[in-house]
Amino acid sequence: MNKTYTSRYEKRIQQKYEAHRESGAPTYILGIETSCDETSAAVIRDGREVLSNVIASQADIHKRFGGVVPEVASRRHVENITLTIEEALTEAGKTLDDIQAIAVTYGPGLVGALLVGVAAAKAISMARGIPLIGVHHIAGHIYANRLVQEMEFPLIALVVSGGHTELVWMKEHGQFEILGETRDDAAGEAYDKVARALNMPYPGGPHIDRLAHEGEANVPLPRSWLEPDSYDFSFSGLKSAVLNTLHNAAQRGETIEPANLAASFQDSVTEVLVEKTIRAARSHGAKQVLLAGGVAANRGLRERLQARCEAEGIPLVIPPFSLCTDNAAMIGAAGFIKYEKGQFEGLDLNGVPSLSLSGQ
């Protein structure tokens, strides 16, 4: 792009930003999320109030494939992005004239899907002369909690989302330190693979959670604690143990009650997640524990973490089900923190499929 044109764009951005900050008027951010198979747009006021949060889900499309097909997801984002943004603005009672900044997920995620959202956000930023804010997808999940309750630092965030399982330490807004992460299968991936073994449709997590509440955890399954002082996670072995249990039972002509197996699997996953979270919170003196990500909608995990935090006297914040799955409201909430700090992106912003959280 022409350097002079870029310079004028950046100057226009800075002038608008400074004028708005001096006015003391509310800040409206348009959030955009297209990292996987949900096309979402939202309008957030001052980083805390959700005026709209529109989600166009592709779950039914990908269900027949047993997982997300990247090329299909990207095409649907292209089809849905403009209408989704328009619907979010209409629902919020706002127009682009009212928006002070665009916050968009630029990683991690499926590169084709990310590029659709990033391209839309850059186009709006350039056309309207408003700041462009790049948001890390996991940071968005963490900041979904701020739409429920103010964050108190220092805090521990347990992120359980799709291909991510992480314990994140935060001393202040926008500062992330990963204490532990998955070494192989994330919890969400293990749920989907076990659900497939039990002939359940994609996504498997909600089906396993429902079935687990109908059974008893009486099938012996391992807990992967790793090294004594480790905050990392590993669920590949547990997944394999479930598959071996089913295979061995079939060879013997025995039947394992699916509800009991689901309950046993969920008991193993949640015990490790919760106990490592509590240990991290205790050792780091956390004032608050946050639960974040798509698997935060799991009732078994929510109930177990709630009980342990209450026993330890540590405040726990869990977003409502509507803010657990991928959505743009959380991106707007995370983007507001960067807006206040004046941390904006240029028009060279790109999708980064393996973006690191610690560098944010």
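In which sense do strand E7 and strand E8 pair, and over how many bridges? In this predicted model, strand E7, formed by residues 164–170, and strand E8, formed by residues 177–181, are joined by four bridges and pair in the antiparallel sense. Within this pairing, Trp169 stands opposite Glu177 of E8. Six residues lie between the two strands of the hairpin, and in this hairpin Gly174 adopts a positive phi near 75°.

Strand E7 also contains His164, a residue whose relative accessible area of 23% makes it partly exposed. When residues up to four places away in sequence are set aside, the residues touched by His164 are Pro108, Ile138, Val159 and Ala186.

Strand E6, comprising residues 155–161, and E9 run parallel and are joined by five bridges. A further parallel pairing, over two bridges, links E9 to strand E10, which consists of residues 316–317, and here Val317 of E10 is the bridge partner of Leu290. Strand E9 itself, spanning residues 288–292, is mostly covered, with five of its five residues buried. Of these buried residues, Gln288, Leu290 and Ala292 point one way from the strand, whereas Val289 and Leu291 point the other way.

At the level of the whole protein chain, eleven helices and ten strands are present. The radius of gyration is 21 Å, close to the 21 Å that the globule rule gives for 360 residues, and the chain is therefore as compact as a globular protein of that length. The C-alpha trace spans about 75 × 45 × 35 Å along its principal axes. Among the 360 residues of the chain, 52% count as buried, and of the contacts with a separation of 6 or more, 74% are accounted for by residues 24 or more positions apart.

The accessible surface of the protein chain amounts to about 15200 Å², and carbon and sulfur atoms contribute 49% of this area. With regard to charge, the chain carries 34 positive and 44 negative side chains, and a distance of 4 Å lies between the centres of the two sets.

Definitions and conventions:
Residues are numbered from 1 along each chain as its sequence is written. This is a predicted model: local features need pLDDT of at least 70, side-chain atom pairs count only at pLDDT 80 or more; totals for chains, interfaces and linings use all residues. Side-chain values use heavy atoms; hydrogens and water are left out. Two strands pair if DSSP finds at least two bridges between them. The radius of gyration is taken over C-alpha atoms; the globule rule is 2.2 Å times the number of residues to the power 0.38. Buried means under 20% relative accessible area, exposed over 50%, partly exposed in between (1.4 Å probe, protein chains only). Contact means heavy atoms within 4.5 Å. Accessible areas come from the Shrake-Rupley method with a 1.4 Å probe; for residues, only the protein chains shown count as cover. Lys and Arg count as positive and Asp and Glu as negative; His and the chain ends are not counted. The place of a charge is taken as NZ of Lys, CZ of Arg, CG of Asp or CD of Glu.
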